[in-house]
Each structure stands twice: as C-alpha cells, then as structure tokens.
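User: I am new to this structure, and I would like to learn how its features are read. Could we go through them one at a time?

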Amino acid sequence: MTEFRPHTLFSFGTLLDERVQTALFGRPVPSSAASLAGHTTRPLAITDESVIATSGIDVHLTLERKLGATVEGAVLHLTDGDLAAADAYEVDDYVRRRVVLSSGESAWAYLDAKPLRPAARVVIVGDSIAYGRCDPQGGWAARLAATHIAENETEHRVFNLAIPGSTLTDVCEQTPPLLVARRPDTLLVAAGINDSALPLAAPQARPDGLAHIEDSLASLADTAQRHNARLVVMGPTWVDETRTADYEGLRFTRDRAEALRESIRTWCAQNHVDHLDMWDPLRGKAELLVDGLHPTSEGHQALSQHLDAVSR
C-alpha cells in the first residue's frame, strides 16, 4: 500500500501557480495563506529549459535574510510523491530546508543552495580553529566576517563565539543563551576535531566512538530552529597525525577524524541540514598546520577561500 504522509511546504513563487501544480502533482493542491518573517526575496535567473517550460518564466524568486522583513506566500499540503516532484522541479540553486513561519509552525521551504549567500546575521560557534588560534589575523572566521560585512555594513553582522577546546557537546551547552541578543539568521557550527580525541591514558575509554554526535547536532538544530536560524555545519579539517600523537594528553588520529567527518556528513544529509566539507583544503598539506591540528595563517587563508567557494 502506498503511504501518503502529509508535508507542509512554504511557497512564495511559481509553486503557487495552479498550472505549475497541475503539471507537477496532477492537480491543484490544498493550500493556506502563510508568511515567513525575517526574509525578503530576490530574483534568480533560471536556465533549465524544462523548468522554464513548466513555469512559463525564466526568472524565479529566492529568499534572502532581512531583519524586520516578511515574505507573504502560502503553505502547500503535499504527499510524499508531491514533495518528491517538487524536489525534482527545483533547480540546483535551491535546497529544501526547514523554516519557522510567522505562525510559529515549522515547514519546508526551498532556500538558496549556497547557505551563507543569503545570510545577514551569522553566529559562529566552535573550537580553537574557529576561534583563530595560531593566526594573528583571526583565522578563517575573521576573513569571512570582513568579506561579509563589507557587502552590507548596515545590515550584515558576524559574531564569532568560538571557544578553544570546545567539543560539540560543549557547544550545545554554550550556545543557547548567546543567541537572543545577537538575533542570528544563520548558526554556523564549526565542528572541529576535539570530538574525535582519545585520552592518551585511556585510549579505549570511548569504544562507541562518536555515538554522541547525532544527539549534539540534533540539539543544535533545535536551538537554531527556535531562533528561525539556518543551521550550517562545517568541518572537520584534515589532521597531520604524525605530529598529534601526544597533544596535551590527547591523541588525534586521521581515522577518527575521518569517522567524525563521515558522521557529520551522514547526519546532515539525512536531516536536510547544510554541511560544508572542510577536509580537502588542508589534505596532505602538513606545512599549513602549525602543530598537526591548527592551521597556519596560510592554512586559514586556504580554508577561507574554500569556504567562500562552497557557501557564498
């Protein structure tokens, strides 16, 4: 028997057109008026001929963050099949993510596929790599802040709240009280490699390895949703394990760092959360690491350039 599970999808563009709905779903679908606070729209040129043929236009809309603005639209009530058809219709410039409507209800919406491009107010949380340790210029986060704020000095903000030594469990505890005053629309979680560390004195103390990662990420997703912020998870970075055998009483290995990377990537894919993979910029480039873990200034520059390419 086919399962028909209801989904709510906030639409502000061509999916509101009954002709488009009929082409995609075989019928007009039930809908109800809704709005999305903290957002505005901007035009997006479409080049996919099949999408243009269905919608009848070659310029669609996409969402941007803007404090105090509201986008009017409607919630579409879709089956599993309808949602799959909508996913197939949307071009690669969009991804389906959760948003919180003005009513307080959660719904799917199609957002910009590059997660930092539509952002205005970004909060960064993480560990010493996100903090910028070993780089007098403040690391990749400071470079991101400089570029982002320069684009719109009136409305763009970046708050780097990273704390050296933090694990994702620590970040879950540290983050919630820090967000209210900063009113973020994007929560950028820089997942370092502290979660992969094993104590040298008890290298088998955590045989379950990274079982806590899913709980930590789910908690951060809940925190982001309470603020109607988009959760973006980045990292971890490559490690040079030849220099990390004894690092302040901890052992970091490439295998465990790789396992952390895969755990994060898998959870994000399963939960429709943005993951920015930061492994390759430093892979095999031991000269870009001060101590096997922390990037040099040049290493942070490489991370910054990669982050800009995949997120903005």
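Predicted model: local features only at pLDDT ≥ 70, side-chain atom pairs only at ≥ 80, totals over all residues.

User: Where does cysteine 134 lie in the chain?

Analyst: Cysteine 134 is placed in a loop, the one that leads from helix H4 (128-131) to helix H5 (139-151).

User: Which peptide bond is cis, and where is its proline placed?

Analyst: The bond from glycine 235 to proline 236 is cis, its omega being near 0°. Proline 236 sits in the loop that connects strand S10 (230-234) with strand S11 (250-251).

User: Now I would like to turn to charges. How many salt bridges does the structure hold?

Analyst: The general idea is that side chains of opposite charge can pair when their charged atoms come close. The structure holds 18 salt bridges. One of them joins aspartate 112 to arginine 42, with the closest N and O atoms 2.6 Å apart. Aspartate 112 belongs to strand S5 (residues 106-112) and arginine 42 to strand S2 (residues 31-45), so this pair ties together parts that are 70 residues apart in sequence.

User: Are aspartate 112 and arginine 42 buried or exposed?

Analyst: Aspartate 112 is buried, with 2% relative accessibility, and arginine 42, with a relative accessible area of 19%, is buried too, because the class covers values under 20%.

User: How do other pairs look when they are read in this way?

Analyst: Arginine 96 and aspartate 87 form a salt bridge in which the closest N and O atoms are 2.8 Å apart; here arginine 96 is buried at 11% relative accessibility, whereas aspartate 87 is partly exposed at 31%. In another pair, arginine 243 meets aspartate 240 at 3.0 Å, N to O, and there arginine 243 is partly exposed at 35%, while aspartate 240 is buried at 7%. Salt bridges can also be linked in a network, which here includes Glu258, Arg261, Glu262, Arg265 and Asp277.

User: Which residues gather in a patch of negative charge on the surface?

Analyst: The patch is made up of Asp48, Glu49, Asp58, Asp92 and Asp93. Among them, aspartate 58 is placed in the loop between helix H2 (49-55) and strand S3 (59-78), and its relative accessible area of 45% makes it partly exposed.

User: What does arginine 143 touch, apart from residues up to four places away in sequence?

Analyst: Leaving out those sequence neighbours, arginine 143 touches Asp135, Gln137, Ser297, His300, Gln301 and Ser304. Arginine 143 is part of helix H5, and at 12% relative accessibility it counts as buried.

User: How can distance in sequence be set beside distance in space?

Analyst: Consider alanine 224, which is found in helix H8 (residues 213-226) and is buried, with a relative accessible area of 1%. Between alanine 224 and threonine 186 there are 38 residues in sequence and 7.8 Å in space, C-alpha to C-alpha. Beyond four places in sequence, alanine 224 touches Leu187, Ala229 and Leu231. As a second case, glutamate 173 and histidine 275 are 102 residues apart in sequence, and their C-alpha atoms are 21 Å apart. Glutamate 173 lies in helix H6 (residues 168-174) and is exposed, with a relative accessible area of 59%.

Note on methods. Residues numbered from 1 in each chain as written. Heavy atoms only, no water. Patch = residues over 30% accessible without salt bridge, like charges linked within 9 Å, V, L, I, M, F, W, Y side chains within 5 Å. Areas by Shrake-Rupley, 256 points an atom, 1.4 Å probe, with all protein chains shown as cover. Salt bridge = Lys/Arg side-chain N within 4 Å of Asp/Glu carboxyl O. Lys, Arg positive; Asp, Glu negative; His and termini not counted. Charge placed at Lys NZ, Arg CZ, Asp CG, Glu CD. Helix = DSSP H or I, 4+ residues; strand = E, 2+ residues; numbered from the N terminus. Buried < 20%, exposed > 50% of the residue type's maximum accessible area, 1.4 Å probe, protein only. Contact = heavy atoms within 4.5 Å.
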